[in-house]
Amino acid sequence: MRKRHLLMSAALLACGLTPLTAAGAQAAAGTHGDIDKDGYRDVVVSAPDATVSGRARAGAVVILYGGARGVDPKRRTVLTQNSTGIPGSAETGDRFGASVVVHDLNADGYGDLVVGAPGEEVAGDVGGGSVTVVWGSASGPVKAKTVPDPWPYEHDAFGGTLAVGTFGSLNPVNGGALSIAVGANDSSVTFAPADLSASSGTSGTGSDFNPGHGVVALTVLDQPSSDDGLVIHGRGYGQGGWGYDGYGDDPRAQLVRPGGFMPAALPAGTSSAVGDLDGNGSLDLVVGNPEDPSQSPGTALGGQVTVYFGITYDGTPSSVRTITQDTAGVPGAGEAGDRFGASVAIGDTDKDGRADLVIGAPGENGSAGAVTVVRGATDGLDTAHARTWMQSSAGVPGAAEAGDAFGTAVQLVDVNKDGSADLLVGAPGENDRTGGLWVLRGSASSVTATGSVSVTPGSVGLGTAGAARFAHVVTGR
Ligand SMILES: [Ca+2]
Ligand SMILES: [Ca+2]
Ligand SMILES: [Ca+2]
Ligand SMILES: [Ca+2]
């Protein structure tokens with residue numbers, strides 16, 4: 001395999017430790033997540049294992065449109081590779097929707113979708129993977145185009161992970177313009193111009209990751225006033241090649257600055273989110289590591305999240321905080337397999353100007369699953385009043401059953417435009433892995449069960465046959 005490393009020969013600039021400013025972050029979020037441009041942010045929910053026209057695990061993506069009363073399963077668009085305008089066709093194992101990002105790529109005010117189908121067979125390359133851009137419009141997306149893979153024979157599962165941002169010269173082909181970052185099952189990230197005007201380029205992720213695990217997750221360190229950083233999650237090399245624990249190699253994460261300089265190591269983890277938790281104008285980074293110490297040394301039993309307040313491009317924070325289910329004020333206790341931190345999201349649920357943190361623990365209680373909300377505070381995070389939500393919480397629809405995996409996906413999107421971000425929770429294990437989405441509203445007192453709803457795949461026209469794993473991926477912005 002050809003090695004393509006980051007531009008490490010570039011002279012390192014003197015690295016100031018000025019935190020990345022979050023000023024204007026709200027404005028920058030703008031209408032990126034409003035796919036039909038009606039003023040309400042919309043939600044994109046994937047069922048990557050949905051059966052389409054008899055093809056198992058072909059995959060489907062559902063747009064649920066926001067409105068004054070929140071999301072309504074009747075107001076939706078379902079996209080598959082058999083939909084008009086979508087390239088390709090729904091085939092067994094394509095897993096269209098295994099990854100999705102929403103961003104207004106062409107700045108026309110309509111949010112657009114970037115959808116990965118990492119199981120797609122491409123020109124005889126079984127499991128090569130594909131990425132499709134689907135442009136938003138008033139009547140639902142109808143135009144789409146495939147993102148070319150410049151190195152189809154060097155990796156598979158292209159599109160397994162996705163992100164959108166302005167990465168400066170990290171993207172070798174369009175010099176700092178908006179780009180789509182694509183992960184595959186090797187140690188490289190491909191950058192495609194967001195307008196698909198040119199071919200794509202690829203940067204390696206450096207030598208710290210074991211390429212055998214591919215890119216596990218990508219998170220944009222979103223800088224409204226300048227280029228963005230990119231958080232890359234992968235796995236390292238264990239002792240003896242496959243991890244000292246026999247399970248796998250440990251999670252690793254690194255931050256790459258937009259200029260493409262040497263990556264900075266971040267706390268180990270498989271998920272991350274960025275926002276301003278303490279409201280001081282500097283971006284804070286949260287990294288979730290859901291593994292147990294037997295799998296990943298340095299983490300806590302049941303999983304943990306690490307908060308880097310005031311993250312800089314050097315990967316250094318102004319202060320650090322670690323949260324587990326054993327942190328004072330956080331409900332529950334850290335137990336093996338809880339997977340606390342498997343998902344994380346940041347948004348302002350109580351409209352106080354400070355972003356709040358949501359942490360999924362899909363392994364809680366026999367994988368019934370749970371989600372914890374920790375509100376942002378001027379001194380960081382108000383862990384003393386953390387609140388945990390389950391399907392068994394009063395006022396929340398459904399019943400908590402083993403295997404539901406509630407909290408596999410979490411996201412915060414203000415779907416009813418009242419200024420408080422609403423909590424979206426995916427439970428892809430619900431009803432024998434048919435899956436389900438939960439929406440809990442934000443309010444002056446943060447997330448509330450009042451008015452909470454669940455959305456089943458049947459209610460959005462996906463049917464109930466087969467294990468669609470609806471809401472395995474939930475996104476919007
Ligand atoms: Ca909308
Ligand atoms: Ca657009
Ligand atoms: Ca808040
Ligand atoms: Ca709201």
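**Exercise 1. Find which residues coordinate the calcium ion (ligand 3), and say why the arrangement counts as irregular.**

Solution. Start with the atoms around the metal: the calcium ion (ligand 3) is coordinated by Asp-348 (OD), Asp-350 (OD), Asp-352 (OD), Arg-354 (O), Asp-356 (OD) and Asp-356 (OD), at 2.2 to 2.5 Å. Donors here are N, O and S atoms within 2.8 Å of the metal (3.2 Å for Na, K and Ca), and sites may look incomplete because water is not among the atoms.

A word on what you are looking at: this is a predicted model, where local features need pLDDT of at least 70 and side-chain atom pairs count only at pLDDT 80 or more, while totals for chains, interfaces and linings use all residues. Residues are numbered from 1 along each chain as its sequence is written, chains are lettered from A and ligands numbered from 1 in the order in which they are written, and side-chain values use heavy atoms, with hydrogens and water left out.

Next, the angles: the six donor atoms around the calcium ion (ligand 3) subtend 52 to 164 degrees, so the arrangement is irregular. For reference, four donors are tetrahedral if all angles lie between 85 and 135 degrees; four are square planar and six octahedral if opposite donors are over 155 degrees apart and all others between 65 and 115; anything else is irregular.

Now read along the chain: the donor residues of this ion follow the spacing D-x1-D-x1-D-x1-R-x1-D.

Finally, check accessibility. Buried means under 20% relative accessible area, exposed over 50%, and partly exposed in between (1.4 Å probe, protein chains only). Asp-350 is buried, at 6%, and Asp-352 is partly exposed, at 31%.

**Exercise 2. Work out how the donor residues of the calcium ion (ligand 2) are spaced in sequence.**

Solution. First list the donors: Asp-104 (OD), Asn-106 (OD1), Asp-108 (OD), Tyr-110 (O), Asp-112 (OD) and Asp-112 (OD) coordinate the calcium ion (ligand 2) at 2.2 to 2.5 Å. Then write the spacing, which is D-x1-N-x1-D-x1-Y-x1-D. The six donor atoms subtend angles of 54 to 162 degrees, which makes this arrangement irregular. Asn-106 is partly exposed at 38% relative accessibility, and Asp-108 is partly exposed at 29%.

**Exercise 3. Is Ile-311 buried or exposed, and which residues does Ile-311 contact?**

Solution. Locate Ile-311 in the loop between β18 (304-309) and β19 (319-323). Ile-311 has 0% relative accessibility, so this residue counts as buried. Contact means heavy atoms within 4.5 Å. Leaving aside neighbours within four places in sequence, Ile-311 has contacts including Pro-19, Leu-20, Leu-221, Leu-255 and Pro-317.

Definitions and conventions. Helices (H or I, at least four residues) and strands (E, at least two) are DSSP runs, numbered from the N terminus.
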